[in-house]
Amino acid sequence: MGPLFVRECAPFFYPSLVVVLRMKNRAKIAWMFLAPMLVLMVFVAGWPLARSIWFSFTDTNINNLAEYNYVGFDNYFSEYGLFGNSVLSAEFWGTDWGVSIKNTFEFSIISVVLETLTGLGVAMLLNQEFKGRTLVRTAVLVPWAIPTIVSAKMWGWILHDQFGLINQLLMDAGLIAHKIAFTADPNYALMTVVAVDVWKTTPFMALLILAALQTLPKDCYEAARVDGVHPLRVFWKVTLPLIRPALLVAVVFRMLDALRIFDLIYVLTSNSGSTISMSGFVRRDMVDNGNLGSGSAGATSLTLIIFVAAVLFLRATRVKLNEESN
Amino acid sequence: MKITFKATLAALAVPFAMSAVQAATITISCGNNAADVEFCGKFAEDWGKKNGHTVKMYTPPASSTDQLALLRQQFAAKSGDIDVLMIDVVWPGVIKDHLVDLKKYSKGVEKEHFPAIVANNTVDGKLLGMPWFTDAGLLFYRKDLLSKHGVKVPQTWDDLAAGAKKIQDAERATDKDFQGFVFQAKAYEGLTCDALEWVYSYGGGTIVDGKGEITINNPQAAKALDAAASWVGTIAPQGVMNYGEEDARGVWQNGKAAFMRNWPYAWSLGQAADSPIKDKIGVAALPAGTGPGAKKAATLGGWQLAVNKYSQNVDAAASLALYMTSADIQKKRAVGGSYNPTIPALYKDADVAKANPFMIELLDVFTNAAARPATATGLKYPEVSQAFWDAAHDVMEKKSDGATAVKKLEAKLKTIKKAKW
């Protein structure tokens, strides 16, 4: 079967191929096209995930991955497990795992609320027509473009208790009598992390909200202006309801991201058990202490906790949306 | 024709293959400050030139906690990227399965070194690391300021607190940022070293004793932590809670502190030509606590050179490790970089004594330093250390008092220990 054969005879095969495609076999072919992707997914996502969940039922140590015992749910619920036998008592919130859950949620809620508000503000400003708008839009993105580790290190120096710029400015202005250890003092550490996170992720929120704002119909606003409706009322009654779906998506994105917080806290603070986040706890257990087994149990729990939080959040907002439409 | 071609290929390939065996590329992990680069990288390159090998330097993370974590991940992946490893005195028990036994290469040269360090590096009869330099916590003080304000070199922690307060109060009239005392209290291995010195100097033991019994829950240990907590915000800046060695040295070397707790390396850097405090530095043993069993104490530190089991060039790597730990190089490192030698004979060397008078004066401190409970706790040492530094950090953050913290720590250590270490 030389090239001549293909050139001369191939056209005869085409119709039959078309018939095949039109038949019920379409689904089969679709699967065939999907198969490489699915195989890839199994290897890069499914297998590691399954392995990590499997590890959480063992006492594997990083020292030797091949040597382990199956321990069932011990890493979760035994006397030494994450949730111990004191899940319901006050004691649980005093354990490192309990503290890290508390820290993570505290951080996430405060930072996401602040980011949403500032992001909304910035987006509203950028939505106005003014000279040099494109330039400003690009400039606002800078904090988001800097890798977190770099910005955390940068802020670490700016906020340093002895050589830091902020302390020097506050001292020069006579606002404080002593330099403040922003990253070390437990009273400030969480707020410092929140502040840096807000600085970093406000552009992200602003961008998503701005995209929503630009899709809004202009005639709505013109009608409101003709009727002489107060701008604030326009915002509450027109803008906010219209961008709400986009806003909620942005908030969910940020929430999921914030619940995984690790790098900022790790680089910026002293990393003691009292400021640690859930991801930080998992890393510490798995990497620093080498407990791959119980660390995996932490990772699995963390995933479940974030999953549940996301589902609850989506449910709560959907209920509200339904109420409104009724 | 074909045969000739193949033969030519083979003839070409052989020398290449041979040279690949002979000229290896060896990666060595040195420290991470400027002096480490100067006094490790340079000597390693010399060795490479002499032996026809290429030497690459690897710079580890600044925190020893991070260094160990990274190493263990590399070992889990059986990575041979770094051939010669710099390992902390507390690590041999933790990473023993991944290091080469150097006995075959050392041919008894380890007998020239301090026996205690060699014993520490020997696990299950295998010599896992050649002693490279030893460390102990020291008290650095400003000679000029102590005499200016009539303060004596402190013998107890109470003396230190009083002296630091006096100097700080007086100096703050002209320099608002002046600090009495800086040390390491970031939540990492360095805090374990500092806090062990406080606890041990108050007669509070070493957290876990040689037999593996948890001893930390005692009134003297609680008292020591309470004393340290009282310094934060008074004679020490609140920021020490986030200071590692280099952060403390930054404040100290800018002339902004009267006292500093640090390792010997801070001496030569403080005496450098461009240092604002050159020739104003005094070095003493750390003060003693008060109460029953109180004594002066320093935590034993120090680093060894070990060879990665997964290295492609074990022989060359071992030979580099032995070269770097030899008396000749140790002397150069001591004179230039104030790295304490691990060879007793070098402490009688005139050049070493001239460059680092404190090494000879404080020889007792180095030979009697308190070891962290790494041998007793083995693979679980990182967890024990972390529980200890967290407890100390909590007390200094005023989240807990000493007595509550050591009680909680005892319970936590029991959880970590389970049936055995």
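Trainee: What percentage of the residues of chain A count as buried?
Mentor: This is a predicted model, where local features need pLDDT of at least 70, side-chain atom pairs count only at pLDDT 80 or more, and totals for chains, interfaces and linings use all residues. Residues are numbered from 1 along each chain as its sequence is written, while chains are lettered from A and ligands numbered from 1 in the order in which they are written. A residue is buried if 20 or more other C-beta atoms, placed from the backbone, lie within 10 Å of its own; it is exposed at 12 or fewer, and partly exposed in between. Of the 326 residues of chain A, the buried share is 31%.

Trainee: How many helices does chain A have?
Mentor: Helices (H or I, at least four residues) and strands (E, at least two) are DSSP runs, numbered from the N terminus. Chain A has zero strands. The number of helices in chain A is 14.

Trainee: At what angle do helices H4 and H13 of chain A cross?
Mentor: Axes are lines fitted to C-alpha atoms, for helices over the stretch in contact, and angles run from 0 to 180 degrees between N-to-C directions. H4(A) covers residues 96–126 and H13(A) covers residues 278–288. Their axes come within 8 Å and cross at roughly 145°.

Trainee: Which residues of H13(A) make the contact with H4(A)?
Mentor: Two residues are in contact if their C-beta atoms, placed from the backbone, lie within 7 Å. H4(A) brings Asp96(A), Trp97(A), Ser100(A), Ile101(A) and Thr104(A). From H13(A) come Met278(A), Gly280(A) and Phe281(A).

Trainee: Which helix gives the most to the side of chain B that touches chain A?
Mentor: Here 27 residues of chain B are in contact with 24 residues of chain A. H3 and H19 (381–396) of chain B each give two or more residues to the chain B side. With six residues, the top contributor is H19(B).

Trainee: How many charged residues are on that side of chain B?
Mentor: Ala, Val, Leu, Ile, Met, Phe, Trp, Tyr, Cys and Pro count as nonpolar, Asp, Glu, Lys and Arg as charged, and the others, Gly among them, as polar. By these classes, the side has eight nonpolar and eight polar residues. The charged residues number eleven.

Trainee: How far apart are the C-alpha centres of the two domains of chain B?
Mentor: Domain bounds come from an automatic or database domain assignment. Domain 1 is 2–135 + 301–362, and domain 2 is 138–299 + 370–417. The centres lie apart by 30 Å.

Trainee: Why is strand S9 of chain B largely enclosed by the rest of the structure?
Mentor: S9(B) spans residues 257–262. Its Met260(B) stands opposite Val182(B), and its Asn262(B) is the bridge partner of Leu138(B). S9(B) is largely enclosed because its buried residues are six of the six.

Terms used
Two strands pair if DSSP finds at least two bridges between them.
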